[in-house]
Amino acid sequence: MGKHDTKLLNIGFNNGVVSSRIIAIVNPSSSPMKRLREEARERGQLIDATQGRKTRSIIITDSSHVILSAIQAETISNRLSDGGAVKEVPKEKE
């Protein structure tokens with residue numbers, strides 16, 4: 001793996017996921033997503049990164065891990081397409 005492959009995507013509360021491993025970011029409310037969450041729990045591949053908050057998105061990785069996040073799916077998708085959660089602040093001209 002090269003350095004660019006290990007870019008971490010902030011999914012809330014200083015938790016990160018390797019962005020190149022993400023297959024999908026979905027809303028958790030539908031019945032199929034609830035089933036997906038339970039199946040992942042049963043096979044030991046569920047990661048809860050919500051810090052006890054309400055699950056607002058589910059991240060599916062290429063290793064079949066299912067990650068729960070308290071951040072909205074749209075927000076995480078925007079962070080992914082922007083190249084990460086933290087943008088560089090432009091320096092002021094002197």
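View 1. T50 touches F13, T55, L68, S69 and A70, leaving aside residues up to four places away in sequence; contact means heavy atoms within 4.5 Å. The model is a predicted one, in which local features need pLDDT of at least 70 and side-chain atom pairs count only at pLDDT 80 or more, whereas totals for chains, interfaces and linings use all residues. Residues are numbered from 1 along each chain as its sequence is written, and side-chain values use heavy atoms, with hydrogens and water left out. T50 has a relative accessible area of 2% and is therefore buried (buried means under 20% relative accessible area, exposed over 50%, partly exposed in between; 1.4 Å probe, protein chains only). Helices (H or I, at least four residues) and strands (E, at least two) are DSSP runs, numbered from the N terminus.

View 2. F13 lies in the loop between β1 (8-10) and β2 (16-18). F13 counts as partly exposed because its relative accessibility is 35%. Q51 is placed in the loop between β4 (46-48) and β5 (57-61).

**View 3. The open sheet of four strands.** The strand order is β3-β5-β6-β4, and the pairing is mixed (two strands pair if DSSP finds at least two bridges between them). The edge strands, β3 (22-26) and β4, each pair on one side only. On average, neighbouring strands of the sheet are turned by 20° against each other, direction ignored; axes are lines fitted to C-alpha atoms, for helices over the stretch in contact, and angles run from 0 to 180 degrees between N-to-C directions. Four bridges join β3 and β5 in the antiparallel sense. A24 has I60 of β5 as its bridge partner.

**View 4. Helices α1 and α2 on the sheet.** Helix α1 (residues 31-42) packs on the sheet and touches β3, β4, β5 and β6 (66-69); its direction makes about 55° with that of β5. Helix α2 (residues 73-81) also packs on the sheet, where it touches β3, β5 and β6, and its direction makes about 145° with that of β3.

**View 5. The buried face of α1.** M33, R37 and A40 are the buried residues of α1. Seen down the axis of α1, these residues fall within an arc of 65°, so they line one face of the helix; the arc is that of the directions from the helix axis to the C-beta atoms. The buried residues of α1 pack against β3, β4, β5 and β6. After α1 comes G44, whose phi is positive, near 75°.

**View 6. The largest nonpolar core, of 10 residues.** This core consists of L9, I11, V17, I22, I25, A49, I59, I67, A73 and I76 (a nonpolar core is a set of buried Ala, Val, Leu, Ile, Met, Phe, Trp, Tyr and Cys residues joined through side-chain atoms within 4.5 Å). At least two residues of the core come from each of β3 and α2. Leaving aside residues up to four places away in sequence, I59 touches I11, I22, A24, I25, H65, V66, I67, S69 and I76. Another core, of six residues, lies apart from the largest one and includes A40, I58, V66 and L68.
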